[in-house]
Amino acid sequence: RASRGAGQTDGRYLEITNRHTKTPAPCSAGRPRSRAGVYAPGPSDRRGPGGRRPLQFPHELVRQTFLADLSAHRRARLHWAAGQAFDALRRGDVAAIAYHLTEGVAAGDALVAADACLAAADAAAASAAWEEAAAGYRRGVALLDGAGADEPDRRYRALLGAQRGYRALGSYREATSTGREALAIARRQG
């Protein structure tokens, strides 16, 4: 288990330190690596503020182990910071932005996360990835519901997009019920 590393972030770069000594984790020969198995890119890669390198996980199990040691609040803050970093540095990666902002919504703003989900769903629909689009629109609706936000325009847009996705997938029952919800919003708004 990765119990010796504690993650710290400034919004774009994750720094791994030894939890007991608060010093940077030891490096192995070749690529720098923490005891948690988190690799920093090689010396030719771009560096961030203060000369720090962004870190990568060499395997999904290492990532899961590292995240298991974090509290739910810390994990949410890291996801929210990652979503903001993706938004600032890689605006075109709407799926990654939506994923991280949705996972970190407890530490951020549900309306921002909902907008990110809708943008990712729009991108998926534009490439005819209907299942992903419908799921993204539904996540947007769930975020709006969870925030208790009275946002009829966003909700209508999300429901209409989900209906279109369900119809393209041949899920007519879901398309009909989603369409009815969207119609009810349209009637209320006039």
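I took buried to mean under 20% relative accessible area, exposed over 50% and partly exposed in between, with a 1.4 Å probe and protein chains only. On that count, 36% of the 190 residues of the chain are buried.

The model is predicted, so I note that local features need pLDDT of at least 70, side-chain atom pairs count only at pLDDT 80 or more, and totals for chains, interfaces and linings use all residues. Residues are numbered from 1 along each chain as its sequence is written, and side-chain values use heavy atoms, with hydrogens and water left out.

For secondary structure I found seven helices and two strands, taken as DSSP runs (H or I, at least four residues, for helices; E, at least two, for strands). The order along the sequence is β-β-α-α-α-α-α-α-α.

Then I turned to one pair. The axes of α3 (residues 94-103) and α4 (residues 110-126) come within 8 Å and cross at roughly 150 degrees, the axes being lines fitted to C-alpha atoms over the stretch in contact and the angles running from 0 to 180 degrees between N-to-C directions. That makes α3 roughly antiparallel to α4, a term used for angles over 145 degrees.

Which residues of α3 and α4 make the contact (heavy atoms within 4.5 Å)? I listed Val94, Ala95, Ile97, Ala98, Leu101 and Thr102 of α3, and Val112, Ala113, Ala116, Cys117, Ala119, Ala120 and Ala123 of α4.

Notes: Parallel < 35°, antiparallel > 145°, perpendicular 65-115°, else oblique. Contact = heavy atoms within 4.5 Å.
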